[in-house]
Amino acid sequence: MKNINLSIENVYKFVSKETILEYKDDVEKKIKSLYNKSGKGNDFLGWLNLPSSITQNEIDDIQSTVDKLKNKLDVVVVIGIGGSYLGARAVIDVLSDSFSSFKKKSNNPQIVFAGQNISEDYLYELRNMLSDKSFAVVIISKSGTTTEPAISFRLLKADLEKRYGKQEAKNRIIAITDKERGALKNLSDKEGYKTFVIPDDVGGRYSVLTPVGLVPIAFAGFDIKQLIEGAKVIEKISSVEIPFEQNITAVYAATRNALYSNEKNIEIMVNYNPKLHYFAEWWKQLYGESEGKENKGIFPASVDFTSDLHSMGQYIQQGRRNIFETVLSIEKANHNIIIPHDDANLDKLNYLAGKHLDEVNKMAELGTVLAHVDGGVPNIRIEIPQLNEFYIGQLIYFFEKACAISGYVLDVNPFDQPGVEAYKKNMFALLEKPGFEKETLEIKEKIKK
Ligand code: PA5
């Protein structure tokens with residue numbers, strides 16, 4: 001069985017192999033500090049052994065909870081934000097049929113998301129859509145106090161109770177939260193919701209392989225066991241005893257830090273399959289929140305090619321030369337389409353007749369890499385044999401591990417996010433939340449000027 005693969009030949013024109021190798025000792029030291037828990041944020045390392053430590057009982061509990069409920073459902077609303085949202089959305093989007101919401105018959109409920117914004121229109125339209133659907137809610141919040149999901153949950157809980165009565169509403173709510181603290185935990189205990197625990201030592205953005213990701217993914221009908229099996233493979237082949245050169249997480253971390261030291265401070269994640277759009281959103285949160293602090297860090301961005309070659313392509317080819325790309329390259333498409341011959345050939349496409357669409361896509365990919373490297377954009381490539389649960393599990397663990405190593409090389413704590421509090425403090429002050437009286441006076445004074 002193949003695994004995902006990393007290829008960095010297209011960065012050597014910008015940073016040499018020797019320069020990347022100079023990171024070897026430091027990266028190995030950082031990996032050791034992850035394993036012996038001596039680095040920054042070491043009380044948030046539960047994700048490191050997550051794939052291999054999940055028990056069959058835990059998987060069975062998730063699967064049987066989902067199986068018991070899903071047959072009576074048209075829609076599951078997954079409520080959460082940030083790390084309590086993006087992992088599930090990424091995996092479900094990668095694995096779903098792009099047009100599944102138009103399919104008449106499905107054994108699985110549609111998954112929709114809420115609590116990731118505070119838009120009145122979004123919530124209105126969501127509730128409107130749910131008004132003639134049989135639905136359930138999965139509410140996910142580690143702290144149990146985050147404003148965005150709490151608002152959505154208050155509304156949808158009331159809708160469920162109005163429609164089905166308290167008892168049946170209770171059967172249609174699953175809460176994923178801290179094992180003992182927080183408003184959501186207290187509410188769940190009071191109402192008697194089925195709950196799953198987010199481990200204390202796993203932060204939001206590293207939590208996709210806990211119930212945070214696994215419950216929604218199981219509701220969407222995907223094989224959570226295979227996802228975990230994939231992650232387990234990378235856990236094994238990137239562990240502390242694997243030499244630097246063979247450890248793809250170590251080499252990726254070293255390469256991006258070498259590029260960063262060489263003025264490349266923006267990393268663009270590139271895909272040639274729109275199913276990976278939300279995977280890049282998950283990756284942006286993982287790397288942005290983990291590394292962007294203390295006035296440091298690579299800015300994570302993303303594009304969907306070839307669509308964005310017709311928009312961002314211009315900048316990437318000829319704009320400021322401070323970017324590098326990391327391409328998610330899928331070896332084999334899951335479906336086949338051959339371009340047909342057309343006698344009139346008015347579109348002049350007969351030179352492509354008989355070719356797979358994927359062959360054209362691959363040539364667009366190769367042509368773009370060559371053009372961007374020529375134009376001054378280093379290119380890292382991650383080869384994915386196929387889009388399925390197993391390889392997405394591999395990718396998830398690969399990026400998590402590489403992110404932690406990379407953050408340590410940058411000498412930041414990759415497991416905290418103190419900067420996220422600033423907007424919350426202002427928002428609470430502006431909304432006059434009890435406890436924020438002093439901040440309210442200060443902010444009112446500030447905006448008066
Ligand atoms: O990665 C993180 O820790 C954050 O993005 C959180 O997941 C996000 O803020 C949501 O927090 P919570 O799960 O406590 O509602």
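Mentor: The largest pocket holds about 990 Å³ of space. Its lining has 34 residues, and the closest to its centre are Asn 273, Lys 275, Ala 333, Asn 334 and Asp 358. Bear in mind that this is a predicted model.

Three elements each supply at least two residues of the lining of the largest pocket: helix H5 (86–95), strand S9 (323–332) and helix H14 (357–374). H14 gives the most, with six residues. By class, the lining of the largest pocket divides into 13 nonpolar, twelve polar and nine charged residues. Because domain 1 (5–40 + 229–409) and domain 2 (50–227) both give residues to this lining, the largest pocket lies between them.

The second largest pocket has about 800 Å³ of space. Of the 29 residues that line it, Gly 82, Gly 83, Gln 285, Glu 289 and Gln 417 are the closest to its centre. Strand S4 (135–141), helix H7 (147–171), helix H12 (277–291) and helix H16 (421–430) each supply at least two residues of the lining of the second largest pocket. Here H12 gives the most, with five residues. The lining of the second largest pocket has nine nonpolar, twelve polar and eight charged residues. Domain 1 and domain 2 both give residues to the lining of the second largest pocket, so this pocket lies between them as well.

Now the ligand. It is surrounded by 13 residues, and the closest are Ser 84, Ser 141, Ser 143, Thr 146 and Gln 285. Gln 285 is also among the residues closest to the centre of the second largest pocket. A polar side-chain atom of Ser 84 lies 2.6 Å from an oxygen atom of the ligand. For Ser 143, a polar side-chain atom is 2.7 Å from an oxygen atom of the ligand. With Lys 142 the atom concerned is a backbone N or O, and it lies 2.7 Å from an oxygen atom of the ligand.

In helix H9 (residues 211–219), nine of the nine residues are buried, so H9 is largely enclosed by the rest of the structure. Those buried residues are Pro 211, Val 212, Gly 213, Leu 214, Val 215, Pro 216, Ile 217, Ala 218 and Phe 219. After H9 comes Gly 221, which has a positive phi, near 95°.

Glu 267 is a charged residue found in strand S7 (residues 266–271). Its relative accessible area is 0%, so Glu 267 counts as buried. The side chain of Glu 267 has a polar contact of 2.5 Å with the side chain of Tyr 252. A polar contact of 2.8 Å also joins the side chain of Glu 267 to that of Arg 256.

Val 412 sits in the loop between helix H15 (389–409) and H16. Val 412 has 0% relative accessibility and therefore counts as buried, the cut-off being under 20%. From Val 412 to Asp 97 the separation is 315 residues in sequence and 39 Å in space, C-alpha to C-alpha.

Conventions:
Residues are numbered from 1 along each chain as its sequence is written. This is a predicted model: local features need pLDDT of at least 70, side-chain atom pairs count only at pLDDT 80 or more; totals for chains, interfaces and linings use all residues. Side-chain values use heavy atoms; hydrogens and water are left out. On a 1 Å grid over the protein atoms alone, a cavity is a set of points where a 1.4 Å probe fits but cannot get out, and a pocket is an open set with protein on both sides within 12 Å along at least five of seven lines; lining residues have an atom within 4 Å of a point. Grid points are joined across faces, edges and corners, and a volume is the space filled by probe spheres set on the points. Helices (H or I, at least four residues) and strands (E, at least two) are DSSP runs, numbered from the N terminus. Domain bounds come from an automatic or database domain assignment. Buried means under 20% relative accessible area, exposed over 50%, partly exposed in between (1.4 Å probe, protein chains only). A residue is near a molecule or strand if one of its heavy atoms lies within 4 Å of it. A polar contact is a pair of N or O atoms within 3.5 Å; within protein, one must be able to donate a hydrogen and the other to accept it, and residues adjacent in sequence count only if both atoms are side-chain atoms.
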